[in-house]
Amino acid sequence: MEIGTLIDVLTATIRIATPLLFAALGGLLSERAGTFAVGVEGMMLAGAFGGAVAALMSGNVLIGFLVAPMAGALLGLVVGIATARFRADQMVAGLAINILSLGLTSFLLRGLFGGRAPVIRLTIPPVVPVPWLSDIPLLGPVLFRHPLVIYAAFLLVIPVWIFLMKTRGGLILRAVGENPEAAHAAGSNPILVRIAAIAGGGALAGLGGATLALQEVGTFTDGMTNGRGFIALAAIIVGRWTPVGAMLGCLLFGAVAALELRIQGLGLPVSSYVIQMVPYLLALALLAGVGRSARMPAAIGAPFQKH
Amino acid sequence: MSLVAEPVPSPSHRRGIDRLVDALSGSARTSLLMVGAVALALATTACLILLAGTNPITAYGALVRGAFGSLDRVIFGINKATPYILAGAGVALCFRAKVINIGAEGQIAVGGIGATFIALNAALLPVVLVVPLSLAAGALCGAIWAGLAAIVHLKRGVHEVLCTLLLNFVGVLLVSEVLHGDMGEPGAGFPQSPLIARVARLPKLISGTDLHIGILLAVVVVVALHVLFWRTTFGFRLRIMGESRSAADYVGLSVPRATMRVMLLAGGLAGLAGGIEVLGVHLRLIEGFSAGFGFNAVAVALLASLNPLAVLPAGLFLGFLEAGALAMQREVGVPSSLVFVIQGLTMIFVLCAIGIGGAERKV
């Protein structure tokens, strides 16, 4: 591979991984607190919609990035209350929120803008090179010539890690995911902790959606997340429920998608549909490889009930 | 993972909604909860319609007329419901055994491919065998697709939700792949197969209308599943598995084997649904024909509170809801994407109802 091509592919990897990373970090909060994050797909979509609409109406992309997490958190709140308070099945509630999000965003889009399939067009925020660092050969263009939101996503891994592993709040969150009864006995409220973790995770997933709509595509279209939330979910598992692991997982899926674009461009005798299957098959293969060795939070999936 | 909630502690410990639900009992409670959930979803959606500037009564009136306004409309709804019933019945059995199969979408997709493949080669087969063989091929392909997910789940310990989910995407892409390859109609502007021969189409139930025999097959299948579930050892095993994995282990029941079987069964039913959709409605394979079906199957199974027989009314409800919503969009301009809103809300309310109610089921 030529050096230029390599730089292109690596840069695209980071760009494509960013929305996934936000969603994976959000899903991680939810799963570490003991709730499967099947709904991140819907939360991403809500964030993409909320972000795009807010940006369009205010004429300011920054406002879009502020509203998107609210939209994601709102859906997270619904999932949190349904699963933690009312003990709804986590997997199916997640699926339901995904379909709800698809319907709501599509409905509201038409309600707000009329017509059959309106398209929101926006100005994509510019690349902000990091002074000096961006001049390093190879590393510079790959790592340090991105729009701000991409730096933010990767830097976010650090506070999320610190929060989960080094703070009291993170300890309580993890305890609720491992043994809610013990956490309850120790004086915390597992139901509230779960609701907060899912809503917080929803906010991050919403940011991921906004990145997709406002940064990558520059528009909102129906169902535009198109399975990315599920890939983020796979990244969490492949990354063994750690922030850094999830980040590496997202980069891996980003790399596959970046290569996919390349291969389609090269006109190889492989059909584009087969190439599009690769991320899903790869996710499946990786999960099968990680298999039983991965230890998921012990209380995940189980509703907590006060006795 | 619990679709069936844990045993409920004595009512004195519970408050508010919990106590209200406890006051009702048995299957009356289950039915009431389901109706309540649907009503709540429709009411919430009515607020949205109002916000969009349309009178909800006008909109829902158009929806009901669209679903039941004429014989043709009713038939449209029934045909729509047929694949939901079949796939939903399989999902219900899986969920009952606590095997969360959300892969109906992909299973329907590859089922459609299998059925189309045989149907397109109808000339090579004796006339009477074309339809049965096509449908069988659909069921087989669906079963294989579900079996793949089951193998990855059982052998590698990957959660079945992820296996079935990821294979959905692959299955749907596979339809596009074959349509851009050997099965595609050359020169068609849209990714689709050539029309299948007349002998390969599903016979009509009422001649001169669109009503094909699919619904009849669905009824037969659902009744058979009811018997299977309540009257056979296999059904008993599924029920024990659903209640408690440790109990199943204790009585020496092979959980992996039962998991594999129920997945194959559900996949087969979904594949059959795909075949029926192709041979009965579209008369050709079309790109994206199974979009959303997997979710609908889950919705139907839940609305039926995982009861094989109750899948029939639940499937018809969803079929008519969609048929009505399409008409509503045409008549009063309210987007039919509202169906997703109604479905999503209904499911969330149903899940909460199950969770609160702790619906006790007989084993």
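I took buried to mean under 20% relative accessible area, exposed over 50%, and partly exposed in between, with a 1.4 Å probe and protein chains only.

I noted that this is a predicted model, in which local features need pLDDT of at least 70, side-chain atom pairs count only at pLDDT 80 or more, and totals for chains, interfaces and linings use all residues. I numbered residues from 1 along each chain as its sequence is written, with chains lettered from A in the order in which they are written, and side-chain values use heavy atoms, without hydrogens and water.

**Entry: chain A.** I found twelve helices and two strands in chain A; helices (H or I, at least four residues) and strands (E, at least two) are DSSP runs, numbered from the N terminus. I also looked up burial: 57% of the 307 residues in chain A are buried.

**Entry: aromatic pairs.** I counted rings of Phe, Tyr and Trp (its six-membered ring) as a pair if their centres lie within 6.5 Å; planes under 30 degrees apart are stacked, over 60 edge-to-face, and the rest tilted. The search of the whole structure gave six aromatic pairs over all chains.

I looked at Phe230(A) and Phe169(B), a tilted pair with 5.9 Å centre to centre and 50 degrees between the planes. Phe230(A) lies in helix H10 of chain A and Phe169(B) in helix H7 of chain B, so this pair joins two chains. Phe230(A) is buried at 7%, and Phe169(B) is buried at 18%.

I then looked at Phe68(B) and Phe320(B), whose ring centres are 4.6 Å apart with planes at 40 degrees, so the pair is tilted. Phe68(B) in helix H3 and Phe320(B) in helix H13 of chain B are 252 residues apart. Phe68(B) is partly exposed at 47%, whereas Phe320(B) is buried at 13%.
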